[in-house]
Amino acid sequence: MQDRLLVAFASGYGSTHDIAEVIGHELRQCGLTVEVRRVGEVRELSRYRAVALGASIRAGQWLFEAAEFLKCHRAALSRVPVAYFVTCMTVRDNTPKNRRAVKAYLEPIRVHVPEVNPVSVGCFAGALNYGSLSMTDKLMARLTRLPDGDFRNWQAIRDWATGLYRVLLN
Ligand SMILES: Cc1cc2nc3c(=O)[nH]c(=O)nc-3n(C[C@H](O)[C@H](O)[C@H](O)COP(=O)(O)O)c2cc1C
């Protein structure tokens, strides 16, 4: 119970869900008890010693459910180590400019929930399959020239997760 970790995620089309599962798997390999849950399934956080919270970016913002989860559980999350992870297309070219853009996506979160200070923020390139998008999302994706394809770098995701073990539980 002492070392139980929560990996909570919001995911529109599943690519962040896969990433959350890989993060959970890596942390279990470090000997921890880890639960991977959709944010909507989590009612309370007292069982967890630390939390990794992740979501994809939609039109320049963290998915609504993740932001709501953070606001709803802000008191509990301010008392335990928290890491954020972000999935989006902006960092498929991992340049300093693009990393700054992703940081800007999270700025409203920082402003609205300043009491939660993440010990680490993982930024990962995501995946998009135009064939599975709703009409509205497909239109938005086309208009913003998002690429079709899977750009997830599993090694980078695993490395980040392994490093989390140290920063979340030191
Ligand atoms: C409607 C829509 C809007 C998106 N907007 C952005 C965006 O503003 N910036 C970005 O970098 N990626 C954007 N993306 C890409 C997603 O963040 C990326 O495909 C991610 O892997 C989706 O994760 P999910 O399947 O867990 O929702 C958008 C994707 C969709 C479908």
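Ala127 is buried, because 21 other C-beta atoms lie within 10 Å of its own; a residue counts as buried if 20 or more other C-beta atoms lie within 10 Å, as exposed if 12 or fewer, and as partly exposed in between, with C-beta atoms placed from the backbone. The structure is a predicted model, in which local features need pLDDT of at least 70 and side-chain atom pairs count only at pLDDT 80 or more, while totals for chains, interfaces and linings use all residues. Residues are numbered from 1 along each chain as its sequence is written. Ala127 is found in strand β7 (residues 127-128); helices (H or I, at least four residues) and strands (E, at least two) are DSSP runs numbered from the N terminus. Not counting residues up to four places away in sequence, Ala127 touches Ser15, Gly149, Asp150, Phe151 and Arg152, where contact requires C-beta atoms, placed from the backbone, within 7 Å. Leu146 lies 19 residues from Ala127 in sequence, and the C-alpha atoms of the two are 9.9 Å apart.

The largest nonpolar core comprises 47 residues. Such a core is a set of buried Ala, Val, Leu, Ile, Met, Phe, Trp, Tyr and Cys residues joined through C-beta atoms within 7 Å. The residues with the most contacts inside this core are Val7, Val51, Leu53 and Ala66. With residues up to four places away in sequence left out, Val7 touches Ala20, Ile23, Gly24, Val34, Val36 and Ala52.

Strand β3 (residues 50-58) is mostly covered, with 8 of its 9 residues buried. Strand β1 (residues 4-10) pairs with β3 in the parallel sense over 6 bridges; two strands are taken to pair if DSSP finds at least two bridges between them. Within this pair, Leu6 has Val51 of β3 as its bridge partner. β3 also pairs with strand β5 (residues 82-88), in the parallel sense and over 6 bridges, and Leu53 is partnered there by Tyr84 of β5. The pairing of β3 with strand β4 (residues 61-62) is antiparallel and has 2 bridges, with Trp62 of β4 as the bridge partner of Ile57.

β3 and β4 form a hairpin with 2 residues between them. Ala59 is placed in the loop between these two strands, and its phi is near 50°, a positive value in a residue other than glycine. Most residues other than glycine have a negative phi. Ala59 is exposed, because 9 other C-beta atoms lie within 10 Å. Arg145 likewise is not a glycine and has a positive phi, of about 55°. Arg145 lies in the loop between α5 (135-143) and β8 (149-150), and is exposed because 7 other C-beta atoms lie within 10 Å.

β5 is joined to β6 by 6 bridges, and the two strands run parallel. Gly122 of β6 is the bridge partner of Phe85. From β5 the chain crosses through helix α4 (residues 96-112) to β6, in a right-handed β-α-β crossover; right-handed here denotes a path from the first strand over the helix to the second that runs clockwise with the strands pointing away from the viewer. Ala83, placed in β5, is buried because 23 other C-beta atoms lie within 10 Å. Contacts of Ala83, not counting residues up to four places away in sequence, are Ala52, Pro118, Val119, Ser120, Gly122, Leu164 and Leu168. The C-alpha atoms of Ala83 and Gly60 are separated by 20 Å, with the two residues 23 apart along the chain.

Helix α4 has 17 residues and reaches 25 Å from its first C-alpha to its last, close to the expected 24 Å; the expected span is 1.5 Å times one less than the number of residues. A kink of about 40° lies at Leu106 in α4, shortly before the proline Pro108, the bend being the angle between axes fitted to the seven residues ending at a residue and the seven starting there.

Helix α6 (residues 154-169) has 16 residues and spans 23 Å between its first and last C-alpha, close to the 22 Å expected. α6 has a kink of about 30° centred on Gly163. Ile157, Trp160, Ala161, Leu164 and Leu168 are buried in α6, and the buried residues of this helix pack against β1, α1 (15-29), β3, β5 and β6 (120-125).

Methods. Contact = placed C-beta atoms within 7 Å.
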